[in-house]
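Welcome! Let us walk through this structure together, one place at a time.

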Amino acid sequence: MTPLGIGGLEGPQTEVQAAAQSYQDELGWTVNVYGSGVWLVAGRAVEALDMPRGLGSRTWNLLDQAVPVFESSDDHAVRWTFITAPHIGPTLPELAVRDVDHIRSGRSIDLPPSTFGRHRLRWITPPVPAQVPSFNAVADAVLRAMPS
């Protein structure tokens with residue numbers, strides 16, 4: 001893989017730069033770094049499903065808990081984001097009506113250890129090479145985890 005071009009900086013890499021380099025080297029993800037954040041564009045390598053923490057926790061318990069998922073928060077809520085393989089086909093409306101955001105091709109996915117003000121993204125289960133679940137496996141678990 002090509003280095004991110006951040007190795008030429010004087011001094012050690014920041015935590016965000018080191019994470020970005022790791023995502024590139026270990027997972028093959030093309031990532032971008034900005035200030036206190038690292039992100040990738042969904043579509044070619046991965047997409048994501050972002051949901052409220054309670055639903056995320058129930059979904060995670062229905063899946064092999066090795067699926068990559070991270071937690072983000074703001075002043076109003078805590079959300080869990082599941083990294084999935086890209087989905088071919090339409091967005092599932094039954095997810096959207098339950099506050100599940102399908103982050104698909106062309107949108108950005110902020111990744112840990114990004115920080116936004118006093119809020120920091122953190123991995124619940126970090127990704128490992130060649131173990132990104134299918135979109136359908138995660139979406140099916142989300143639908144089973146939704147309260148009736």
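We begin with the largest pocket, whose volume is about 310 Å³. On a 1 Å grid over the protein atoms alone, a pocket is an open set of points with protein on both sides within 12 Å along at least five of seven lines, and lining residues have an atom within 4 Å of a point. Of the 16 residues that line the largest pocket, Asp 50, Phe 70, Ser 72, Thr 81 and Asp 110 are the closest to its centre. At least two lining residues come from each of β4 (69-73), β5 (78-84), β6 (101-103) and β7. Sorted by class, the lining holds six nonpolar, four polar and six charged residues.

A word on the background: this is a predicted model, in which local features need pLDDT of at least 70 and side-chain atom pairs count only at pLDDT 80 or more, while totals for chains, interfaces and linings use all residues. Residues are numbered from 1 along each chain as its sequence is written, and side-chain values use heavy atoms, with hydrogens and water left out.

Next, look at two helices. The axes of α2 (residues 53-62) and α4 (residues 135-145) come within 8 Å and cross at roughly 120 degrees; axes are lines fitted to C-alpha atoms over the stretch in contact, with angles from 0 to 180 degrees between N-to-C directions. From α2, Leu 55, Arg 58, Thr 59 and Leu 62 meet Val 138, Ala 141, Val 142, Arg 144 and Ala 145 of α4. By class, this contact of α2 with α4 has six nonpolar, one polar and two charged residues.

Is Pro 113 buried or exposed? Pro 113 is buried, because its relative accessible area is 10%, and buried means under 20% (1.4 Å probe, protein chains only). You will find Pro 113 in the loop between β7 (108-111) and β8 (115-116). Beyond its neighbours within four places in sequence, Pro 113 is in contact with Glu 15, Val 16, Ala 19, Tyr 23, Ser 36, Val 38, Arg 120 and Leu 121, where contact means heavy atoms within 4.5 Å.

The other proline, Pro 127, sits in the loop between β10 (122-125) and α4. Pro 127 also counts as buried, because its relative accessibility is 13%. Setting aside neighbours within four places in sequence, Pro 127 is in contact with Leu 27, Trp 29 and Pro 68. Met 51 lies 76 residues from Pro 127 along the chain, and their C-alpha atoms are separated by 18 Å.

Conventions. Helices (H or I, at least four residues) and strands (E, at least two) are DSSP runs, numbered from the N terminus. Ala, Val, Leu, Ile, Met, Phe, Trp, Tyr, Cys and Pro count as nonpolar, Asp, Glu, Lys and Arg as charged, and the others, Gly among them, as polar. Buried means under 20% relative accessible area, exposed over 50%, partly exposed in between (1.4 Å probe, protein chains only). On a 1 Å grid over the protein atoms alone, a cavity is a set of points where a 1.4 Å probe fits but cannot get out, and a pocket is an open set with protein on both sides within 12 Å along at least five of seven lines; lining residues have an atom within 4 Å of a point. Grid points are joined across faces, edges and corners, and a volume is the space filled by probe spheres set on the points.
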